[in-house]
Amino acid sequence: MSQTASEIAGLRAALAASEARAEAAESELAQARAVVSTSEAMIKHLRLEIAKLRREQYGRSSERRARLIDQMELQLEELEAAATEDELVAEMVARTTPVAGVQRRRPARKPFPEHLPRERVVIEAPTTCTCCGSDRIVKMGEDVTDTLEVIPRQWKVVQTVREKFTCRHCEKISQAPAPFHPTPRGWAGPNLLATILFEKFGQHQPLNRQAERYTREGVELSLSTLADQVGACAAALAPVHALIREHVLNAERLHGDDTTVPLLAKGGTKTARLWTYVRDDRPFAGGAPPAALFHFSRDREMAHPNRHLAGWQGVLQADAYGGYNDLYRDDRDPGPVESALCWSHARRKFFELADIKGNVRKGKPAHDISPVALEAVTRIDALFDVERQINGLDDTSRLAARQRLSHPLVEELHDWMRAERDTMSKHNPVAKAIAYVFKADRWEAFTRFLEDGRICITNNAAERALRGVALGRKSWLFAGSERGGDRAAFMYSLIVTAKMNDIDPQAWLADVLARLPDTTASQVPTLLPWNWKPSKVRQAA
């Protein structure tokens, strides 16, 4: 019996030791997971910072780099959340085991803005010493912990009172005149109107979703009521839109592009179009402020660009869409528009054939790429490198640099593509990409930037202006009518122009709607985004 008891005691000791080792191993595993998660988050954070710094250094011309930054931010969000979760698990395990907990390095948090109001919550102080119980205690200081908090949106009703006075002498009634409101019937204030407009067209929140959220906040506003105010605001803002349109069409060089918009039709939707024309003279140090003009159409017929740019003459930077061809005719009145084609479109066709990561993502062999396409991308990227160096210089300096640096590269690219095309079948995908550049004498339009320092090498300015539309399609799904599409184009012109001038669109719309009723026609230009200065009352608020 004593031998059996000894064996049982030995087994229990072995089991206890095994459990201790298992707990230690589990703790070490949790620590390792926390370290790995933290390291991954830190690496992703540093890569994101590097990408942002590169974008600041080389400008915002790379649409692919902007999308890459957005994707990296999403990945960083997930990695940070996973790192925090693993860290908390490791801390819980460390409480029951002797293994030391992991200390995660977090990026330094910026102090909270000084303009935010501070609310002091003072915890009741002890009346006696926590050590000896004496009541002879004196305050020697305090520790303050700042916690950022948000107060839910507050609604209020502003009552405008006009007192009446009667004259004891003539018995007439005297009363101050009624104030003008941004919209007829004046039940909505300018801040509410700006919120409705910006959330619908700037944040892609349809009116039905806004109405649902307002109802949850205790304010019932029907869809038709909100839609009525949207139409009234469009009418009120028409003078501002007219000046933006005039400013855009006074440019000597424009970026043009279009994108698809689903339009509600019988039995489903049809593909409509939203067009944009962007004036942006900043790349060649032009003094004119940037602005964007949008138009809506039910289709993509050639008549629409002709109508949009009727009477305009200058350089149009666009893709090779044939709908612009009427603008380039010699017999056009008042004269032909000069075409400047986009090298990003030409590069994209080669890049798709030389995208190693894309092939891997699609399950294709990494080596299954076209070396000719890869060489074409490399040569075109050399032109982009030159453009990054001269971005923001005046047109004379840009032209001189292009003649010295870009012109030889373009000549070599031309001869090389001609030679490669002659060795390929016309059905070869690379030959088709080369044909895109040479088709219908497009080479002259592709190389026009070598003759004019104002011209950009890409049409990315117009594509950036349309980026919000692409995001909105996933939220509002379709335009309800042609009038609705026209109204969306109207509001996009205002909001995108404000963003291009680094102005908060919602704050600008609220102030403009508040000031328009008392603004004369000669004073409307002061409300344009590049001239706008917020009123002193709003600035103080």
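Start by selecting R448 and E338, whose side chains meet in a salt bridge (3.4 Å, N to O). A salt bridge here is a side-chain nitrogen of Lys or Arg within 4 Å of a carboxyl oxygen of Asp or Glu. R448 sits in the loop between α13 (442-446) and α14 (460-465) and E338 in strand β7 (residues 338-341), so the pair ties together parts that are 110 residues apart in sequence. Helices (H or I, at least four residues) and strands (E, at least two) are DSSP runs, numbered from the N terminus.

This is a predicted model, in which local features need pLDDT of at least 70 and side-chain atom pairs count only at pLDDT 80 or more, while totals for chains, interfaces and linings use all residues. Residues are numbered from 1 along each chain as its sequence is written, and side-chain values use heavy atoms, with hydrogens and water left out.

Stay on the first pair and colour by accessibility. R448 counts as buried at 12% relative accessibility, whereas E338, at 40%, counts as partly exposed. Buried means under 20% relative accessible area, exposed means over 50%, and partly exposed lies in between (1.4 Å probe, protein chains only). Elsewhere, salt bridges that share partners join R153, E199, R213 and E217 into one network.

E199 is buried, with a relative accessible area of 14%, and R153 is partly exposed, at 37%. A search of the whole structure finds 22 salt bridges.

Next, show the whole of α3. In this helix (residues 190-202), 10 of the 13 residues are buried, so α3 is largely enclosed by the rest of the structure. The buried residues are L192, L193, A194, T195, I196, L197, F198, E199, F201 and G202. They pack against α4 (207-216), α5 (223-236), α16 (482-500) and α17 (505-515). Contact means heavy atoms within 4.5 Å. Just after α3, H204 takes a positive phi of about 60°.

Axes are lines fitted to C-alpha atoms, for helices over the stretch in contact, and angles run from 0 to 180 degrees between N-to-C directions. Angles under 35 degrees count as roughly parallel, over 145 as roughly antiparallel, 65 to 115 as roughly perpendicular and the rest as oblique. To see the side chains involved, select L197, F198, F201 and G202 in α3, which meet R487, A488, M491, Y492, I495 and K499 in α16.

The axes of α6 and α16 come within 10 Å and cross at roughly 70°. The two are therefore roughly perpendicular to each other. Their crossing is left-handed, a term for a near helix turned anticlockwise from the far one by less than a right angle, with right-handed used if clockwise. At this crossing, A238, V240, H241 and I244 in α6 meet F490, S493, L494 and T497 in α16.

From V240, go to L527. The C-alpha atoms of L527 and V240 are separated by 7.4 Å, although the residues are 287 apart along the chain. L527 is found in the loop between α17 and α18 (536-540) and counts as buried at 1% relative accessibility. Not counting residues up to four places away in sequence, L527 touches W508, V512, R515, L516, T519 and W532.

At 8% relative accessibility, D281 counts as buried. Leaving aside neighbours within four places in sequence, D281 is in contact with R253, G286 and A288.

The chain has 18 helices and seven strands, and buried residues make up 39% of its 541 residues. Among contacts between residues at least 6 apart in sequence, 65% join residues at least 24 apart. The chain exposes about 33,100 Å², of which carbon and sulfur atoms supply 53%; accessible areas come from the Shrake-Rupley method with a 1.4 Å probe, and for residues only the protein chains shown count as cover.
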